[in-house]
Amino acid sequence: VQLQASGGGLVQPGGSLRLSCVASGIIGSIIGMSWYRQPPGKQRRLVAVATNDGVKQYADSVKGRFSISTDTAKNSVYLQMNWLKPEDTAVYFCNMDGEDSRGTEFDYWGQGTLVTVSS
């Protein structure tokens with residue numbers, strides 16, 4: 001199983017970026033697709049999550065600026081980030097969790113993509 005994240009880069013404050021994450025090799029049902037971020041020297045924290053029943057939740061710090069979307073046919077999750085701030089600088093990780101045909105839970109992580117917001 002591989003989750004390939006992309007779309008990070010350097011952007012000025014107020015700018016936008018769109019992160020993408022594509023999964024390959026997953027056999028089973030994906031229940032949740034999410035994005036986490038880890039700023040330099042800090043812990044990894046949840047940014048946004050989308051569940052297979054249509055629920056979307058966001059960290060308070062990104063509400064109104066970030067939007068998570070999914071394409072279940074492509075096993076993909078996206079994060080549209082608008083009005084970026086320097087404090088959004090972090091390595092962003094995608095995550096997919098679910099269960100296989102035997103009911104065994106799985107939890108997979110992408111490799112991370114760096115987002116730097118700076119003038």
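Reader: In this predicted model, is Cys94 buried or exposed, and at what relative accessibility?
Author: Buried means under 20% relative accessible area. Cys94 falls under that cut-off, so Cys94 counts as buried, at a relative accessibility of 0%.

Reader: Which residue forms a disulfide with Cys94?
Author: A search of the whole structure finds one disulfide. Its sulfur atoms lie 2.1 Å apart, and the partner of Cys94 is Cys21.

Reader: Is the disulfide of Cys21 and Cys94 right-handed or left-handed?
Author: The torsion about the S-S bond of Cys21 and Cys94 is about 60°. With that torsion the disulfide is right-handed.

Reader: How many residues apart in sequence are the parts that the pair ties together?
Author: Cys21 is itself buried, at 0% relative accessibility. Cys21 lies in strand E3 (residues 17-24) and Cys94 in strand E9, so the parts tied together are 73 residues apart in sequence.

Reader: Which side chain makes a polar contact with the side chain of Asn95, and at what distance?
Author: Asn95 has its place in strand E9. Its relative accessible area is 3%, so Asn95 is buried. The contact is made with the side chain of Asp107, at 2.6 Å.

Reader: Which residue has its backbone oxygen 3.2 Å from a polar atom of the side chain of Asn95?
Author: A polar contact is a pair of N or O atoms within 3.5 Å. At 3.2 Å from the side chain of Asn95 lies the backbone oxygen of Tyr108.

Reader: What kind of aromatic pair do Phe106 and Tyr108 form?
Author: The count of aromatic pairs comes to two. In the pair of Phe106 and Tyr108, the ring centres are 5.1 Å apart, with 15° between the planes. Planes under 30 degrees apart count as stacked, so the pair of Phe106 and Tyr108 is stacked.

Reader: Is Tyr108 buried or partly exposed?
Author: Phe106 has a relative accessible area of 9% and is buried. Tyr108 has a relative accessibility of 27%, so Tyr108 counts as partly exposed.

Reader: Over which ring does the charged end of Arg44 sit, 3.6 Å from its centre?
Author: Arg44 also lies over the face of Trp109, at 4.7 Å from the ring centre. The ring 3.6 Å from the charged end of Arg44 is that of Phe93.

Reader: Which residue in E8 is the bridge partner of Ser69?
Author: E7 and E8 run antiparallel and are joined by six bridges. For Ser69, the bridge partner in E8 is Tyr78.

Reader: Where is Asn75 found?
Author: Asn75 has a positive phi, near 50°, in a residue other than glycine. At 22% relative accessibility, Asn75 counts as partly exposed. Asn75 is found in the loop between strand E7 (66-71) and strand E8 (76-81).

Reader: Is Trp83 buried or exposed, and at what relative accessibility?
Author: Trp83 is found in the loop between E8 and strand E9 (90-99). Its phi is positive, about 50°, although Trp83 is not a glycine. Exposed means over 50% relative accessible area, so Trp83 counts as exposed, at 60%.

Terms used: Residues numbered from 1 in each chain as written. Predicted model: local features only at pLDDT ≥ 70, side-chain atom pairs only at ≥ 80, totals over all residues. Heavy atoms only, no water. Phe/Tyr/Trp six-rings, centres within 6.5 Å; stacked < 30°, edge-to-face > 60°. Buried < 20%, exposed > 50% of the residue type's maximum accessible area, 1.4 Å probe, protein only. Lys NZ or Arg CZ within 6 Å of the ring centre and 35° of its normal. Helix = DSSP H or I, 4+ residues; strand = E, 2+ residues; numbered from the N terminus. Pairing = 2+ DSSP bridges. Disulfide = S-S within 2.5 Å. Polar contact = N/O pair within 3.5 Å; in protein donor to acceptor, adjacent residues only side chain to side chain.
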